Amino acid sequence: EQMENLDIESENGQSRIERLVEDCERLQEEIDGLNSTMVDDIQEALMAVGLNDCDSFKKPMHNLTSGQRKRVLLAAIKVCPCNLVLLDEPATSLDVRGLLLLRDLIEGCVDSGNVTVLLVSHDEDLLDDVTDQVVDIVDESLYSFSGNTSEYRSFRKQNTLQDIRRIIAHQKKQTAMTKTLSNLTRQPVPK
């Protein structure tokens, strides 16, 4: 827009064109520097998650194994700053090293203090190691618990036992009341 409004033939127009060209060159250098830094950061993150093969850097995602694709996603978490990470069955397709990297990544996110990790998983060991808050959906009700999954299971088991004990106690009271009523109806009525 600024270029269209310039008078190319005047001295003032020529100096403005030179400044605009210098600004464009400076901006291009900044972009190139950012791109270089970003490429370095991406390669560093990929290597940190065990993708050290330079050929892997150039492969399209659909040509990677499922374990490699998971690792790329883990690397993306390292490179892209965010305050919420959603992980759905992240342990699937990961080998032992990948699982260790996943745990380190989750713990690093949480330890940073400004990232929340929402994790859905059937891997009980992973959940026990990295969770400090459990949200469970049972019979269309949402339960929240502070602690790991083992502590939550223990809590639920105790509560279930308490519920069963309450039901049994209630049933005993009902049985006693029924017997009392039965006894009262069998007694002869005084004349």
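Strands (E, at least two residues) and helices (H or I, at least four) are DSSP runs, numbered from the N terminus. The model is predicted, so local features need pLDDT of at least 70 and side-chain atom pairs count only at pLDDT 80 or more, while totals for chains, interfaces and linings use all residues. Residues are numbered from 1 along each chain as its sequence is written, and side-chain values use heavy atoms, with hydrogens and water left out.

Q: In which strand is Leu86 found?
A: Leu86 belongs to strand 1, which covers residues 84-88.

Q: Why is Leu86 called exposed?
A: Leu86 has 57% relative accessibility, and exposed means over 50% relative accessible area, buried under 20% and partly exposed in between, with a 1.4 Å probe and protein chains only; Leu86 therefore counts as exposed.

Q: Why is Tyr152 called buried?
A: The relative accessible area of Tyr152 is 7%, so this residue falls under the limit for buried.

Q: What makes the aromatic pair of Phe145 and Tyr152 tilted?
A: Rings of Phe, Tyr and Trp (its six-membered ring) pair if their centres lie within 6.5 Å, and planes under 30 degrees apart count as stacked, over 60 as edge-to-face and the rest as tilted. Phe145 and Tyr152 lie 5.5 Å centre to centre with 55 degrees between the planes, and therefore form a tilted pair.

Q: Which residues do ring pairs link into a cluster?
A: The cluster consists of Phe145, Tyr152 and Phe155, and Phe145 is buried, with a relative accessible area of 16%.
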